[in-house]
Amino acid sequence: MLRHFLRSREAILTGALFFLLALIALRFPAFVAPRNLAAVFNDTAPLIILALGQMVVILTRCIDLSVAANLALCGMVAALINVAAPDLPVVAIIAMVVILGALLGAFNGILVWKVGIPPIVVTLGTLTIFRGIIFLISDGKWINAHEMTEGFKALPRADILGIPMLSWFAILTIAGFALLISRTALGRSFFAVGGNPHAAVYTGIDVGRTQFAAFVLAGALAGLTGYLWVARYAVAYVDIAGGFELDVIAACVIGGISIAGGIGSVGGAVLGALFLGVIKNALPVVDVSPFWQMAISGAAIIVAVVLNSRSNRPKGRLILRATEVRR
Amino acid sequence: MRILKTLISGAAMAAALVASPAMAQDNVRIALVVKALGIGFFEAANKGAEEAAAELGNVEIIYTGPTDTTAEGQIEVINSLIAQNVDAIAISANDTDALVPALKKAMDRGITVISWDSGVAPEGRQLHLNPSSNPLIGNMIVKLAADHLPEGGDVAVLSATTTSTNQNTWIEEMTKVLPDYPGINVVSTVYGDDLADKSYREATGLMQTYPDLKAIIAPTSVGIVAAAQAVVDAGKVGQVNVTGLGLPSEMAGAIESGASQSFAIWNPIDLGYSAAMLAYELSQNDVTVEPGAEIPMGRMGSLTLDDNNEGAMADPFVYDASNIEEFKSIF
């Protein structure tokens, strides 16, 4: 068991994460203070939540490029509702944007499931549509801090047991996914659909329906993150979280979730997100030239993909190739 | 029969009378191309351009731009404007050089091209309208920090992207006048890429790296808001003053919370107004563009061109707790 863990993707990533933290501590010791690490986790919480949603989508051999646009649209809607009805409780707003996010995800899902358009094309289209809708509903204007109510902005920052609510949302999402993936039929079917769609059909799993469920799940989480994002930065505008979908996919790839589907774990996605989060938070304090920052983030992704493709190489095919050579 | 003839010719004459003004001069179409749609500053500039159009009477403003701040997006927009054969293009550029070929093509087709706010290299435009002069802005942003630091101290700059034309110029000008502010020590320049989350993270990083930091100067509207929020969340209101360039409506919360004592911005409405006026003068009234020329721009007076055919509109204006209430509803 222990030996199995030590060879696993998660162990390698945990090791890499500690190595990274040690490197940073050499240049800026205060970074590894527990309080700062908690702050880094808090800052990475949106990425963790979205990476978990993206994970199930990728597991089913799909991809969702529209998560960041979905987040931005739901965030804008949350802010607009708050401005229009300041007395509405924040919990109600959260419920509304989670449902909205799920609906937007369902729209992606339906196009993939019933119309049969490749997911990358569908979500590339909805990405632009969602951003366009934000522009239409907001009229291109910002919703600013002084227009939002105090309660709306305070929730992600509220402390429970010394940890901000934003972090709690991430912790609860991780726990929920751990249960979903390991203990439910739906969770297992994500792997079945991605691993071998034909075999999945023979075991009675509806491939399209499972992909649809993954998109709805990812959408609902994007909706939730939309509120958290807007409340945390206390501003909503068309471009919020611009390009964030790439960070989310990068977190998944670093976390060992195979883009080809069927391989991945909750721990991997979380560690992948934390890895990116640590890099993003450390680069400003270790005094690295901004020109290098992007190159460093990019290099981390390439290294992860190389490691991934090496460890995931199917062993059966190697034997076949060897016999071919002999002939 | 005669009555009918009179009636017909009368009707024809009436029709000719009604039609002639419209036929004699088609609307002058001026395209206001911005860095990206959906940014408050440019929306306000459009308001000013519309005001100029109303004043001139026969002008139609086409407000357009890409959905994200890229040169590629702007090139597409320019090409489509050339296809529409507009009379003038007034652009705030995402890149100094990348837009030059597309804008040259526009000028070859007889379209008036001016840049405003963020400039294009001289060969890609006829003139450039600066909202204020770069030296004045560079001086203003450090003055805003220094005014609240009588004893001096460490300050840091939070900029947009490493390639933003105007931010880089202002920081350069700021560095030139630094000796005039003894005790003000600029410790670092970081880049938030005009993304709320990255700017927030960079501001947090600055406060960690320099515990004695007294002020963050952010000459960008996304950065200044994010930095103010980071200061509030770090519990450093009163210790770290966030200042720079921002919009009153976006900064009202930061002024209220005390994270920002004051900030400056020119009036974007005036800027859009002046850009439209200049574009009109150049395309319709055959004004010669040459160093030293003075070009009228309606209620904003006139623009005097320097050796690079650039001119400054006005001084930046300081906003603080005393006037924020009045301006936050305007732009």
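Is B:Ser118 buried or exposed in this predicted model? B:Ser118 is buried, because 22 other C-beta atoms lie within 10 Å. (A residue is buried if 20 or more other C-beta atoms lie within 10 Å of its own, exposed if 12 or fewer, and partly exposed in between; C-beta atoms are placed from the backbone.)

Residues are numbered from 1 along each chain as its sequence is written, while chains are lettered from A and ligands numbered from 1 in the order in which they are written. As the model is predicted, local features need pLDDT of at least 70 and side-chain atom pairs count only at pLDDT 80 or more, whereas totals for chains, interfaces and linings use all residues.

Figure 1. B:Ser118 sits in the loop between β4 (112–116) and β5 (127–130) of chain B. Helices (H or I, at least four residues) and strands (E, at least two) are DSSP runs, numbered from the N terminus. With neighbours within four places in sequence left aside, B:Ser118 is in contact with B:Lys35, B:Ser92, B:Ala93, B:Thr165 and B:Asn166; a contact requires C-beta atoms, placed from the backbone, within 7 Å. From B:Ser118 to B:Gln167 the C-alpha distance is 9.2 Å, at a sequence separation of 49 residues.

**Figure 2. The two domains of chain B.** Domain 1 (10–131 + 268–313) and domain 2 (134–265) of chain B have bounds from an automatic or database domain assignment. Their C-alpha centres are 32 Å apart. Eight residues of domain 1 of chain B are in contact with eight residues of domain 2 of chain B. On the domain 1 side, two of these residues are nonpolar, six are polar and none is charged. (Ala, Val, Leu, Ile, Met, Phe, Trp, Tyr, Cys and Pro count as nonpolar, Asp, Glu, Lys and Arg as charged, and the others, Gly among them, as polar.)

**Figure 3. Contact between chain A and chain B.** Chain B contributes 28 residues and chain A contributes 25 residues. On the chain B side, two or more residues come from each of α2 (40–56), β7 (184–191), α7 (196–209), α8 (221–233) and α9 (248–257). Among these elements, α7(B) gives the most, with eight residues. The chain B side holds ten nonpolar, ten polar and eight charged residues. For the complex, the predictor gives an ipTM of 0.78 and a pTM of 0.74.

**Figure 4. The largest nonpolar core.** Such a core is a set of buried Ala, Val, Leu, Ile, Met, Phe, Trp, Tyr and Cys residues joined through C-beta atoms within 7 Å. Of its 211 residues, B:Ile89, B:Ala90 and B:Ala276 touch the most other members. Helix α11 (residues 207–233) of chain A supplies the largest share, 17 residues. At least three residues come from each of domain 1 and domain 2 of chain B. Beyond four places in sequence, B:Ile89 is in contact with B:Ala31, B:Val33, B:Ile78, B:Leu81, B:Ala106, B:Ile111 and B:Val113.

**Figure 5. Chain A.** Chain A has 15 helices and two strands. Its radius of gyration, taken over C-alpha atoms, is 21 Å, close to the 20 Å that the globule rule gives for 327 residues, so chain A is as compact as a globular protein of that length. The globule rule is 2.2 Å times the number of residues to the power 0.38. Buried residues make up 50% of chain A.

**Figure 6. Confidence along chain B.** The mean pLDDT (the predictor's confidence in each residue, from 0 to 100) of chain B is 86, and 92% of its residues reach 70 or more. Over residues 15–24 of chain B, pLDDT stays under 50, and the model has zero contacts there beyond four places in sequence.

Notes
Contact = placed C-beta atoms within 7 Å.
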